[in-house]
Amino acid sequence: MNQIKINKILLTKLFIIFCYLTCWLSISTTFQDLLIFKKDILSFNQIINFMRHFLIYFCFFSLLFLIMLGKIKIYFKENLSLIFFILYFLLQIPGLIFSTNKIDNISFIVSSLTILITIFFINEYFSNKEKKLFIFISLFFLTLVFLLSFILLVKEYLQGSNNLYGQFVENTKFF
């Protein structure tokens, strides 16, 4: 292969990794995070949450653009479960429009579709050996969320001042 084609594949792979990371980092954001320009004073957290949620839309439309350019071949037999989930989320859009649900919930559908389309691209561009990177990314974020959520409870448990059974963690500063 020539150098230009290798560079294009590398850039596409890096963009897919970026989209996957964006999907993880956008967890716990809502459509309201995009409406920061209605506020007089912006905090650092509001700007970060805006970027986290805005990047989901950026990735979604960029991935759709790549699909329209023909950068991915969709094999229906091999991706039947992904196609089923995409149809499931697409069929929820009319329910949001014609019911009493807020249209703000469309961002959850966009987020879900973004991760599903990202998985299509992962299956197309990455070998099985390279896909281990995505498992490590997922395990990193799950471990991070666990540690941020439960570290105080585990500390109290190890000191003997509390037990873990029946504990409920309310919203914290981190989430």
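In which helix does Leu55 lie? Leu55 lies in helix H2, where helices (H or I, at least four residues) are DSSP runs numbered from the N terminus. This is a predicted model, in which local features need pLDDT of at least 70 and side-chain atom pairs count only at pLDDT 80 or more, while totals for chains, interfaces and linings use all residues. Residues are numbered from 1 along each chain as its sequence is written, and side-chain values use heavy atoms, with hydrogens and water left out.

**Confidence**

- The protein chain has an average pLDDT of 84, and 91% of the residues score at least 70; pLDDT is the predictor's confidence in each residue, from 0 to 100.
- Among the elements of the chain, the lowest mean pLDDT, 83, belongs to helix H4 (residues 92-98), and the highest, 92, to H2.
- Where pLDDT is low, the predicted coordinates should not be read in detail.

**Helix H1**

- Helix H1 covers residues 3-25, and its 23 residues should span 33 Å at 1.5 Å a residue, which agrees with the 33 Å between its end C-alpha atoms; the expected span is 1.5 Å times one less than the number of residues.

- Leu55 counts as partly exposed because its relative accessible area is 22%.
- Once neighbours within four places in sequence are left aside, Leu55 is in contact with Phe18 and Thr22, contact meaning heavy atoms within 4.5 Å.
- Leu55 and Leu25 are 30 residues apart in sequence, and their C-alpha atoms are 9.5 Å apart in space.
- A nonpolar patch on the surface is formed by Phe18, Leu42, Ile47, Met51, Phe54 and Phe58, with about 490 Å² of accessible area together, and H2 gives the most to this patch, with four residues.
- Such patches are made of residues with over 30% relative accessible area and no salt bridge, nonpolar side chains (Val, Leu, Ile, Met, Phe, Trp, Tyr) being joined within 5 Å and like charges within 9 Å; a salt bridge is a side-chain nitrogen of Lys or Arg within 4 Å of a carboxyl oxygen of Asp or Glu.
- Accessible areas come from the Shrake-Rupley method with a 1.4 Å probe.
- Ile47 has its place in helix H2 and counts as partly exposed, at 37% relative accessibility.

Note on methods:
Helices (H or I, at least four residues) and strands (E, at least two) are DSSP runs, numbered from the N terminus. Buried means under 20% relative accessible area, exposed over 50%, partly exposed in between (1.4 Å probe, protein chains only).
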